[in-house]
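Hello,

Here is the structure I promised. Please open it first, then read my notes below.

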Amino acid sequence: MEPAIRAEGVGRTFNRTLKAVDNVSFTVTPGEAFGFLGPNGAGKTTTVSMLTGNLRPTAGRAVVDGVDVFHHPEAVKRRIGLVFQEQTSDSDLTGRENLELAAALFGVPRRDATATIDGLLDRMQIGDAADRLTKTYSGGMRRRLELAVGIIHSPRVLFLDEPTLGLDPQGRAGFWKYVQELRRDHGMTVFVTTHYLDEADSICDRIAIIDHGRIVATGTPSELKDHLGGDVITIRPAREDRSLEAVLRAVPGVLSVASQDGAFRVKAPRGEELIPPLVNACAHAGIGLAGVSLKRPSLDEVFLEFTGREFREDEGMTATDRAVRVGQVQRAFGRGGR
Ligand SMILES: Nc1ncnc2c1ncn2[C@@H]1O[C@H](COP(=O)(O)OP(=O)(O)O)[C@@H](O)[C@H]1O
Ligand SMILES: [Mg+2]
């Protein structure tokens, strides 16, 4: 099967020296949700801009939905959907007018457009506000409108660049619910960059971690977590029992056992599979248990492991980011000068 996105050695150098994106290669299969995770300045937006035909690369090759992006950027722009973090809809238009404008820009036939727009307004739960100016919308409503604008022409590949930055947890959850529905109903491929590790973890089938313009790790969320050496199972005995540690250590598959405040922390690659044998071993040894819990390492730890840095999610965009992005959007939609 032809991949939905294939990037081969893609790079972009700014001002001759700054390698914003450096030899990036990956493939995304149709229907997959692929996450690009990295700190500010890692090269996420630059990558999205190149893959969506909005920025010329200085190296490499990319094919999106069967089209060579670097030779046919305009053809790619028409085929894909794109949602930026930044507000791109016009706040002096109503929600419906924004969708009508987008439908016209993407050449959606007029007779189909009305039904499509009504359907999207309804689905994104902005139907009641459809005829209000979008400047009166809440953050969550605006994001849902952006998503509707991004998919007005039923793209097979949707690019989302930090689409939920600044939304509260409820707004984020709502936004992803719609994206997941679109994936389920239309088999849409999603390429998403995000600051939110928990989001990447729950939404993405696979994740690439990008740092200083280079991919430092790729895998499913659980593969990346497994790389850290596994889960932690905490076993708390009903009464203090010195023989417990040896009993736990003897169970096949246990990597290590450490005591902590009267409980024992057992490390294992697949914790859920080890819980029954651990509990059985305790029962055999006549040791009563007060509690057993399992903790998977989070992507925060994965990020730290691969980049040597904590992931800070409270950083906003810089002024340069904003200017670059607004310019890109205006060029993409042929609305420069606004
Ligand atoms: N148009 C530009 N001119 C010069 N430098 C740029 C430009 N766009 C991005 N950069 C630089 O490239 C690097 C990657 O930026 P970006 O792709 O926006 O990162 P991210 O989206 O991961 O935060 C940063 O160092 C940024 O300052
Ligand atoms: Mg960015």
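Of the 338 residues in the protein, 37% are buried (20 or more other C-beta atoms within 10 Å of a residue's own, with C-beta atoms placed from the backbone). This is a predicted model: local features need pLDDT of at least 70, side-chain atom pairs count only at pLDDT 80 or more, and totals for chains, interfaces and linings use all residues. Residues are numbered from 1 along each chain as its sequence is written, and chains are lettered from A and ligands numbered from 1 in the order in which they are written.

The protein has twelve helices and 14 strands (DSSP runs, numbered from the N terminus: H or I of at least four residues for helices, E of at least two for strands).

Now the inside. The largest nonpolar core holds 67 residues. Such a core is a set of buried Ala, Val, Leu, Ile, Met, Phe, Trp, Tyr and Cys residues joined through C-beta atoms within 7 Å. Strand S2 (residues 18-28) gives this core its largest share, five residues. Leu51, Val64, Ala148 and Phe159 have the most contacts inside the core (a contact means C-beta atoms within 7 Å). Another core lies apart from it, with eleven residues, including Ile235 and Cys282.

Next, the ligand. Which residues are closest to ligand 1? They are Phe14, Ala20, Lys44, Thr45 and Thr46, among 15 that surround ligand 1 (C-beta atom within 6 Å). S2, helix H1 (44-51) and helix H12 (319-332) each give two or more residues to this shell.

Best wishes

Key. Buried ≥ 20, exposed ≤ 12 C-beta atoms within 10 Å, placed from the backbone.
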